[in-house]
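Here is a short report on one protein model. Please look over the sequence and the structure first, then read on.

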Amino acid sequence: MKISVVCCEPTGARYSQIVETSLDPTQLNERVLRTAEQDLAAGEVRELHNAAHDPEHGPVTYLQQVHEGGFSVFVGSPNQLRETFFGPDSWVAFMDDQGPGHGSKVGPDGVRRTLRVLRGHLVVV
């Protein structure tokens, strides 16, 4: 399965960026710590923030599976954020735990998605 990953740039200011990776569904299921269904209203905004570590498990990956609607993610330098929209059938992982973080905004149709918290960070190249 193809996943868009919001992660930190490897050097420098550690700005958030979006890279692509893939994950075998079996590996995904083995890493799930918890799952939650989410329905968010249109236009909900979160300013810059990081993907927080889990108090018990340390670094985790927050994997969103979009079912309906969608949301935008804002990454890059805080004064030049780039917007990317993720709609139905998108898989988006968040593991940017350093730097200024990323922002997000729910699209005009709201979003219905499944959140999976995965043990550890995904491997990205």
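## Ser4 in strand β1

Ser4 belongs to strand β1, which covers residues 2-8. This is a predicted model. The relative accessibility of Ser4 is 8%, so Ser4 counts as buried. The cut-off for buried is under 20%.

What does Ser4 touch, once neighbours within four places in sequence are left aside? The contacts are Ile18, Val19, Glu20, Phe86, Trp91, Val92 and Ala93.

## Two cysteines, no bond

How many disulfides does the structure hold? The count is zero. A disulfide is a covalent bond between the sulfur atoms of two cysteines. Take Cys7: its closest cysteine sulfur is in Cys8, 7.0 Å away, and that is too far for a bond. The cut-off is 2.5 Å between the sulfur atoms.

Cys7 has 5% relative accessibility, so Cys7 counts as buried. Cys8 has 11%, and Cys8 counts as buried too.

## The nonpolar cores

The largest nonpolar core has 15 residues. Those with the most contacts inside this core are Val6, Tyr62, Phe71, Val73, Val92 and Phe94. Strands β5, β7 (91-94) and β8 each supply at least two of its residues. Which strand gives the most? Strand β5 does, with six residues.

## Phe71 and its aromatic partners

Leaving out residues up to four places away in sequence, Phe71 touches Gln64, Val66, Thr84, Phe85, Phe86, Val92, Phe94, Lys105, Val106, Gly107, Val111 and Arg113. One of these, Arg113, has its charged end over the ring of Phe71, 4.9 Å from the ring centre.

The structure has two aromatic pairs. Why is the pair of Phe71 and Phe86 called tilted? The ring centres are 6.1 Å apart and the planes stand at 45°, so the pair counts as tilted. Angles under 30 degrees would be stacked, and angles over 60 would be edge-to-face. Phe71 sits in strand β5 (residues 60-75) and Phe86 in strand β6 (residues 82-86), so the pair ties together parts that are 15 residues apart in sequence. Phe71 and Phe86 are both buried. Together with Phe94, they form one aromatic cluster.

## Thr114 in strand β8

Thr114 lies in strand β8, residues 102-119. Is Thr114 buried or exposed? Its relative accessible area is 3%, so Thr114 is buried.

Which residues does Thr114 touch, not counting those up to four places away in sequence? They are Thr35, Ala36, Glu37, Leu63, Gln64, Gln65 and His67. With Glu37 there is also a polar contact: the two side chains are joined at 2.8 Å. Gln65 is 49 residues from Thr114 in sequence, yet their C-alpha atoms are 5.1 Å apart.

## Loops and backbone angles

Arg14 lies in the loop between β1 and β2 (16-22). Arg14 is not a glycine, but its phi is positive, at about 60°. Its relative accessibility is 22%, so Arg14 counts as partly exposed.

Asp89 is in the loop between β6 and β7. Asp89 is not a glycine either, and its phi is positive, at about 75°. Is Asp89 buried or exposed? With a relative accessible area of 69%, Asp89 is exposed.

## Gly76 between β5 and β6

Gly76 is found in the loop between β5 and β6. Its relative accessible area is 3%, so Gly76 is buried. Leaving aside neighbours within four places in sequence, Gly76 is in contact with Tyr15, Ser16, Leu81 and Arg82.

How far apart in space are Gly76 and Gln64, C-alpha to C-alpha? The distance is 20 Å, and the two are twelve residues apart in sequence.

How values were computed
Residues numbered from 1 in each chain as written. Predicted model: local features only at pLDDT ≥ 70, side-chain atom pairs only at ≥ 80, totals over all residues. Heavy atoms only, no water. Phe/Tyr/Trp six-rings, centres within 6.5 Å; stacked < 30°, edge-to-face > 60°. Helix = DSSP H or I, 4+ residues; strand = E, 2+ residues; numbered from the N terminus. Buried < 20%, exposed > 50% of the residue type's maximum accessible area, 1.4 Å probe, protein only. Lys NZ or Arg CZ within 6 Å of the ring centre and 35° of its normal. Contact = heavy atoms within 4.5 Å. Polar contact = N/O pair within 3.5 Å; in protein donor to acceptor, adjacent residues only side chain to side chain. Core = buried A, V, L, I, M, F, W, Y, C linked by side-chain atoms within 4.5 Å.
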